[in-house]
Amino acid sequence: MDIVKTRLQNQTSNQYNGIIDCFKKIVKIDGFKGLYRGLAPNLIGIIPEKAIKLAVNDYTREYLRHSNNKNNNLNLTDSELPLHYGMLAGATAGTCQVIATNPMEIVKIRLQLASLSNKPSSLGQVLNELGFRGLYKGSAATLMRDVPFSFIFFPMQAILKQKFSNFDKKHFGGKVEEKPRFWTIFCSGIIAGIFGASMVTPMDVVKTRLQVSQKPGAPVYNGIFDCYRQIIKNEGPKALFKGVIPRTMIVAPLFAITVLVYEFQQRFINSNSFNSTLTNLEKNHVLDKVNQNFYVKKD
């Protein structure tokens, strides 16, 4: 699905007539394996990218919540964090993740489009061609995509999670004191992912165009705004939303699963920490009893 999105976004003519036609032509020319071009950098890069994004968002939300509570003498929980603070935390996370996202994206795109030109077609060849500085080509465009996505996705997901949780407790017997059930987390992630991914698709199209290895006769773009201008002028405004359906089909479940697993990990770690604390307290209590009995017998 990701390679289909990239091919649709990069085409400047009617090479592909939609998602199904793109699938068929990739399989016809490159075989079934062609659908998985660019998988290696995706697998390598997605782990640090998601770890940075989720950790920074959580840390920033907690920092802003604590500062707001302290400065205004409040006692707000994370679910009560004001919207603008949630957006700021998301934007901070989106900014920090680019250190991992951009190298992954540009290498993946080069591999996904390699069969359309005589460019390097292996991971090692692409890395040698780009060099270290080349891995960060198009970073500004990546920021313009990831920062808006994050300040849309994270606060929207947090708000929807709380709304779904309240609905669950009211209509489906969820206990008031319980944390949100996993279905509420997954559904909120899906909806926020759909909305966020579709909204920033124009930035993703521009990023793809800037990061591809240009072949003879292809348009040459002098930066982000020139790319926007040429796309609208030559292909029309609709071209900015090329690949929106496959992109949404990728991003929405990906982020829903990510926040679901992240929530599960947090609960598991906190539960183990709590149990470990209880065990230590119980051990100390037993030792105190032993010591007391020892001194009583000695006396």
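Lys53, Leu54, Asn57 and Arg61 in H3 meet Phe149, Ser150, Phe154 and Ala158 in H6; contact here means heavy atoms within 4.5 Å. The axes of the two helices, H3 and H6, come within 12 Å and cross at roughly 65°. Axes are lines fitted to C-alpha atoms, for helices over the stretch in contact, with angles running from 0 to 180 degrees between N-to-C directions. The crossing of H3 and H6 is right-handed. In that class, the near helix is turned clockwise from the far one by less than a right angle.

The model is predicted, with local features requiring pLDDT of at least 70 and side-chain atom pairs counted only at pLDDT 80 or more, while totals for chains, interfaces and linings use all residues. Residues are numbered from 1 along each chain as its sequence is written, and side-chain values use heavy atoms, with hydrogens and water left out.

The protein has ten helices and zero strands. Helices (H or I, at least four residues) and strands (E, at least two) are DSSP runs, numbered from the N terminus. Along the sequence the pattern reads α-α-α-α-α-α-α-α-α-α. Of the 299 residues, 41% are buried. Buried denotes under 20% relative accessible area, exposed over 50%, and partly exposed the range in between (1.4 Å probe, protein chains only). Among contacts with a separation of 6 or more, 74% link residues 24 or more positions apart.

Ser150 lies in helix H6. Its relative accessible area is 0%, so Ser150 is buried. The side chains of Ser150 and Lys53 are joined by a polar contact of 3.2 Å. A polar contact is a pair of N or O atoms within 3.5 Å; within protein, one must be able to donate a hydrogen and the other to accept it, and residues adjacent in sequence count only if both atoms are side-chain atoms. Beyond four places in sequence, Ser150 also touches residues including Gly90, Ala91, Gly94 and Gln97.

Phe149 is in contact with Lys53 as well.

Arg7 is placed in helix H1 (residues 2-10). Arg7 counts as buried because its relative accessibility is 3%. Its side chain makes a polar contact with the side chain of Asp30 (3.3 Å). Not counting residues up to four places away in sequence, Arg7 touches Tyr16, Cys22, Ile26, Asp30, Gln112, Leu113, Ser115 and Leu116.

The unreviewed UniProt entry places the feature "transmembrane region" at residues 182-200 and 244-262. UniProt positions follow the numbering used here, feature names are shortened, and annotations may be inferred rather than shown by experiment. Residues 182-200 are 95% helix and 0% strand, with end C-alpha atoms 27 Å apart. Residues 244-262 are 100% helix and 0% strand, with end C-alpha atoms 26 Å apart.
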